[in-house]
Amino acid sequence: MRNERIGDYLVSKELITEEQLQQVLEKQKESGGTKKFGDLVVELGFMTEVKFTQALAGKLNVQYVDLDNIEIDDEAVQKVPEALARKHTVIAIAITGKRLTVATNDPVNFIILEDIKVSTGMDTKPVLATTSAINKAIGKCYSMQNVGNVIDSVNAMGASDLGTMEDEESKDRVESAPIVKLATTIVENSYRADATDIHIEPFEKYTRIRIRVNGDLVELMNISSAVHSALTTRLKLISGMNIAEKRVPQDGRFTQVVDGTTLDVRVSSLPMVNGEKIVIRILSTGQIALRKITDLGMSDYNYQLFESMLRVPQGVILVTGPTGSGKTTTLYAALGEIAKPNVNVVTVEDPVEKNIDGINQCQVNQKAGMTFAAALRSILRQDPDVVMVGEMRDSETADIGIRAAITGHLVLSTLHTNDAASTVVRLVDMGVAPYMVATSLIGVIAQRLVKVLCTECKQGRISTDEENELMGIPGPITIYEPCGCPACNGTGYRGRTAIHEIIHCSTNVRNIIAANGGKEAIEEAAKANGTKLLRDNVSELVQAGMTSINELIRTTYTV
């Protein structure tokens, strides 16, 4: 059994099929043996990286560790030099007496273990972890030690070096190592903290750097205001902006590789009283696997509704919610489900956030006159089956999108509205005739993101009468509050999940829309059809102990 190949082992455990095994072996043959079996299984989407690593651990009889959810001993990390850790993709995580526990993606490679033994003078015990988790841990553990050095060297440059910079010479001067290192470190540490945005804000005496994690802004570091000008010049330079122009807003972008993942970084600058404020949006590129519909956090009930909507051959499906509520992620997951080799899928986006294999993606360019409406008109002459419009921003785009649905296309798009019912009213307000909305609309999905309580430190208590009323339940139950511990960085929450409100356009809903009915009438008809509102959805999560009552109020409270 020990000599059994990993592919045969996976088939025997029914984790992959014989047919899938042959596809992987075929691919491996094509690559000339340069790609590992495990990498190809994950690449082809037959297993997740975690599932494969857990299966490998079972076969090799080695312990599997989830590096994201264990505390790594800093003293252990220090034992292995960073260069050696990166070279072999390993990280030391614990010390027990004279023995060092080392997380690796290749526990049977004795050369690696021997290298570490020689370097540290300690016996090594290998445990198995995913490659991406090890790379992330290496970046996190070693870079945090470097941050202090980078800030010290930047602050040491002082105002005398930076204050007298002329714009022409600043281009060369800003390449000086400390500033380059600072700009790189800020993006790296933000990505490792799972941040979506970075805010670099100039004040009179200092510059504050904050990152948005789980929807909340958290302070990352403060730096001397004397450094601000050099840092903004560096960021503007690499993102292709005009560094001599400081009086008008500018936009740019660049890519940066962090822990083996290529990030697409969008940069926006805005002149303020004390200098330019820079906001950086970190977008995950196509290298990060596309989410499946089942991974969106939908309840089983909502998942069935959503899936039935995607089976309809023509019409409009709209996803609505505020900025940053995961609308695009939901649309991409839907496209991943619909995109088949016999279907022509074309998207028009601003900007294209993730490159998807097998889908034709088109980017909006306002300056060149390539607007949503212009792109959409041309797309309809490209013989599409499915069209995805990034956002229905104006009446022209909405009108063309609805007409495309009536002429036999499936159109997916997003809108910024508060709930599913008001989406219909918004479309009519935008100038689309009510009868056209009624005949073309398949359904509307409204969504929000709510923070998930940290399982390590959440604390239970009995709910009050007011909270029972908010949740729509008759008597008191045990609900949970955030507390804060090292595992969740003292926030009390770890990660987010989505809540959904899905309205199916059934016959009675269509009749109300065609008769130009109001939001309340549409909502009542949808409820009678079995629609669960956002409040019902988040209430279920509070009762299940997944989120707090504060999140219910934050996401769904209305006056």
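Guide: Gladly! Let us begin with a term: buried means under 20% relative accessible area, exposed means over 50%, and partly exposed lies in between (1.4 Å probe, protein chains only). This is a predicted model, where local features need pLDDT of at least 70 and side-chain atom pairs count only at pLDDT 80 or more, while totals for chains, interfaces and linings use all residues. Residues are numbered from 1 along each chain as its sequence is written, and side-chain values use heavy atoms, with hydrogens and water left out.

Visitor: How many disulfides does a search of the whole structure find?

Guide: A disulfide is counted when a pair of cysteine sulfur atoms lies within 2.5 Å. For Cys454, the closest cysteine sulfur belongs to Cys485 at 3.8 Å, too far for a bond. Across the whole structure, the number of disulfides found is zero.

Visitor: Is Cys454 buried or exposed?

Guide: Its relative accessible area decides the matter, and the value is 0%. That makes Cys454 buried.

Visitor: In the open sheet of three strands, what is the order?

Guide: Strands (E, at least two residues) and helices (H or I, at least four) are DSSP runs numbered from the N terminus, and two strands pair if DSSP finds at least two bridges between them. Strand E1 (90-96) and strand E3 (123-128) each have a single partner strand, so both stand at the edges. The pairing is mixed, and the order is E1-E2-E3.

Visitor: Which residue is the bridge partner of Ala103 in E3?

Guide: Strand E2 (residues 99-104) pairs with E3 in the parallel sense, over six bridges. Within E3, the partner of Ala103 is Val127.

Visitor: What angle does the direction of helix H7 make with that of E3?

Guide: Helix H7 (residues 110-120) packs on the sheet and touches E1, E2 and E3, where contact means heavy atoms within 4.5 Å. Axes are lines fitted to C-alpha atoms, for helices over the stretch in contact, and angles run from 0 to 180 degrees between N-to-C directions. For H7 and E3, the angle is about 140 degrees.

Visitor: How many of the five residues of strand E11 are buried?

Guide: Strand E11 (residues 345-349) has Val345, Thr347 and Glu349 on one side and Val346 and Val348 on the other, with both faces covered. The buried count is five of five.

Visitor: Which residue of E13 stands opposite Thr347?

Guide: E11 runs parallel to strand E13 (residues 386-389), joined by four bridges. Four bridges also join E11 to strand E12 (residues 360-363), again parallel, and there Thr347 faces Gln361. In E13, the residue opposite Thr347 is Met388.
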